[in-house]
Amino acid sequence: MVDEVVGRRLIERNVAPLRRAGRPAQALIELIGSKQGTSEEYIRLGCPLNNLMQEMSPVDEDFRVRLNAILGQWQDAFEDALRRAQSAGEVRAEVNCHAAALFIVSAWEGCIGIAKNMQSSESYRACMSQLQAYVAGLLKT
């Protein structure tokens, strides 16, 4: 289930668009922006990946390894997008793409987790808006 449902959905929605993007940094900014219209139900129930990480990682090593692999693919896609944009002169040279990608994934999941706890789509949109601003700040001006 983890690989076939949760992993596949994440790859289709958040990884594949970046891999085929001609302007990956702009695609990342747009991807984050597109998530601000997330459904109330998704916010109420939370991200399946995040829910599984919180519940299963501490109690089942196989789950933790599988979930970590999905997170790794997500982070790798963000890092690759940032590196490609950096090579194209769109992202500042001093940006540590690996660390930035880790932060983006962590913040994204944090936005969802906080919004779920608060049961607040407004909080989710505000948080994702700040994440979008962070990524925009990585660009050369």
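This is a predicted model: local features need pLDDT of at least 70, side-chain atom pairs count only at pLDDT 80 or more; totals for chains, interfaces and linings use all residues.
User: How much space lies in the largest pocket?
Analyst: About 290 Å³. A pocket is an open set of points on a 1 Å grid over the protein atoms alone, where a 1.4 Å probe fits, with protein on both sides within 12 Å along at least five of seven lines. The volume is the space filled by probe spheres set on the points.

User: Which residues are closest to its centre?
Analyst: Arg9, Arg13, Asn14, Tyr42 and Cys47, out of 16 lining residues (an atom within 4 Å of a point).

User: Which helix gives the largest share of the lining?
Analyst: α1, with 5 residues. Helices are DSSP runs (H or I, at least four residues).

User: Switching to Glu109. Buried or exposed?
Analyst: Buried (under 20% relative accessible area, 1.4 Å probe, protein chains only). Glu109 has no salt bridge, meaning a side-chain nitrogen of Lys or Arg within 4 Å of a carboxyl oxygen of Asp or Glu. The nearest side chain of opposite charge, Lys116, is 10.0 Å away.

User: What does Glu109 touch?
Analyst: Cys47, Leu49, Asn50, Met53 and Trp74 (heavy atoms within 4.5 Å), not counting residues up to four places away in sequence.

Notes: Residues are numbered from 1 along each chain as its sequence is written. Side-chain values use heavy atoms; hydrogens and water are left out. Helices (H or I, at least four residues) and strands (E, at least two) are DSSP runs, numbered from the N terminus. Buried means under 20% relative accessible area, exposed over 50%, partly exposed in between (1.4 Å probe, protein chains only). Lys and Arg count as positive and Asp and Glu as negative; His and the chain ends are not counted.
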